[in-house]
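Please open the structure in the viewer and keep the selection tool at hand.

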Amino acid sequence: MAAYMITSTLRRVLLVAKHASFQSRCCVASSRVQYSTVYDSNEKTFDKILIANRGEIACRVMKTCKKMGIKTVAVHSDVDASAVHVKMADEAVCVGPAPTNKSYLNMDAIMDAIRKTGSQAVHPGYGFLSENKEFAKRLAAEDVVFIGPDTHAIHAMGDKIESKLLAKAANVNVIPGFDGVVEVSYTVNMVVLATTFCKFMIVLATNQTGSTFNSFRLSSQEAASSFGDDRLLIEKFVDNPRHIEIQVLADKHGNALWLNERECSIQRRNQKVVEEAPSTFLDPETRRAMGEQAVQLAKAVQYSSAGTVEFLVDSNKNFYFLEMNTRLQVEHPITECITGLDLVQQMIRVAKGFPLLHKQEDIPINGWAIESRVYAEDPYKSFGLPSIGRLSQYQEPIHLPKVRVDSGIQEGSDISIYYDPMISKLVTYGATRAEALQRMEAALDNYVIRGVTHNIPLLREIITHPRFISGDITTNFLPEEYPEGFKGHQLTSEGRRELVATAAALYVSAQLRSQRFLGNLRVSTTPQEQRQWELCVELEKGSHTVAVSRSGSTFTVEVDGVTVEVSGEWNLASALLPVTINRTPRVLQCLSRDAGGDITLQYLGTQFKVRVLSQLVSTLSAHMPEKVPEDTSSILRSPMPGSVVAVSVKPGDVVAEGQEICVIEAMKMQNSLIAAKAAKVKSVHCKAGETVGEGDLLVQLE
């Protein structure tokens, strides 16, 4: 026993010494990785682990397994046969067709894959079966280790009512709510429940006494109809809260740690968009109190693995238990960055029965980390409706220092309607928050994604927003700052001049290149190369007459009487366009350009369509007829690719303005499409069960 204690203590001391200098050492060694897997070859864990997941989290788990010398098994649907996680694994087994209920949620097929491959343990990642107690029971019945907590903890924390009662019993702050008789004197949330599922929330103010009973009755009926469970959770409504969570880590020997917090307040449709660690809002005392309560809850349910305790925090730093996620969290990389711990490795060790190597005083906060969730979504539609397609060009910004990208795709990968539209988790690290934000801005500008619509415009606007930079954020940030929806970057007069000048310089560079072949002029009798140009640049319904002169790789452009100097390498074959504008470095992307002068540039994250014409062509184009825009009030087109769940009308029906016409589902999200005006239905072009693409005609009104 004494020998073991000495070994354990020495190992812990060595790890602390490593962590003290980890961040600077890691960032020099690799821009991809911001965590340390300290592997002890004498510590035997598993020979083979099956990862019951797909995409980036499957790849993330496999990376640590390979460092630990563990063989990996991937499961996949038939459409994922060529996916990155399949190629990365030592073995791969197809578990069914594309729909998740027939593949990644197909317990029978996954159990067969475990037997076939002789896997000793299963890591569930997040989502799918990660919090399914029945799956954990089936694994235990066949002596296969579930890399996560036991079924008791999964069940206890999966039920919203039971988890709050357990939290209260463990002296964890809970939101004041229903303990018996429904009699409240404050605005409340009424949440429809069914174990781990929350369908919707209704906010009732104290002055709504007349409607409270009806709301309660209707909510209870809806719960029973949807889930076969009519229970409701009623609790105080926390206005303008922050969503802050605590990462916990516990073993099977009664040890538990809190690994600091993550700020997750930037959300859309209650889904996180940008996270950071630590939080700008917490002081050391509040952080410690939240961490200690999170550990109390973990110990109360005999938790053993990595888990996350989520809290709502009000403006006075009062914090209330929200829920506990009994799995590895999507945003775990930012915790790994500031602590230097590999959470996947810790989960594997704990699952094998080893005690934690660290004490609470070993857990540091080194620097600052920020994560942006990069999605194949259109941010201009409800802050993000799914987009599908093939990644025709894809370059991650891992050439930049202290940038980590967790992804499960590559150039040529397909983003389909069947799964979550996440492309990657983009993480930047810095000694300070300002440094991490600056690196995130550069990483977003250098991220090349072509073939699908993505949310980089929204991400960049968030992390450069003055309110976000100041740390003054709540879960209502997006609807408050963009009440009319996200419109992209709004150009200032200076930004407009920068964009016009860059487009003009790019146009001239393309013209000059077209005149040369192998570095020589195509026609030897061509007069001396032109060095001055008069152009017309059209941008956002505005027109600018510009004068361009060139000296080497530097262009001097006069825009609206202001001189703008633009210089760069002007490599028109490159996906990135690094330029210096008035001595300020910028990275733009030329997404498209044609012989007619139409150029699409990604500038400060947002795509702008610019048209550059010679003075003569500009004069003549004024005589061209304009295309009449389509009357969208009489037609309904699909705003996204997906499948038709229901069609509520037929030809001849009279619909009212705002009436539901059909429901489209994509990537686990249903969208109700409504009539833009009162009218008679002229024709219906879809039916339930059909797959539709973005822009497809669904219904036509008279």
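A disulfide is a pair of cysteine sulfur atoms within 2.5 Å. By that criterion the structure holds zero disulfides.

This is a predicted model, in which local features need pLDDT of at least 70 and side-chain atom pairs count only at pLDDT 80 or more, while totals for chains, interfaces and linings use all residues. Residues are numbered from 1 along each chain as its sequence is written, and side-chain values use heavy atoms, with hydrogens and water left out.

Select the whole protein chain. Of its 702 residues, 53% count as buried (under 20% relative accessible area, with exposed over 50% and partly exposed in between; 1.4 Å probe, protein chains only). The chain exposes about 31000 Å², of which carbon and sulfur atoms supply 51% (Shrake-Rupley method, 1.4 Å probe; for residues, only the protein chains shown count as cover). Among contacts (heavy atoms within 4.5 Å) with a separation of 6 or more, 64% join residues 24 or more positions apart.

Next, select cysteine 536, which counts as buried because its relative accessibility is 4%. Cysteine 590, at 19%, also counts as buried.

Now colour by secondary structure: the chain has 18 helices and 40 strands (DSSP runs numbered from the N terminus: H or I of at least four residues, E of at least two).

Finally, select strand β40 (residues 697-701), which pairs with β33 (residues 635-637) in the antiparallel sense over three bridges (pairing requires at least two DSSP bridges between two strands). Here arginine 637 stands opposite leucine 697. Strand β38 (residues 679-684) also pairs with β40 in the antiparallel sense, over three bridges, and serine 683 stands opposite glutamine 700 in β40.
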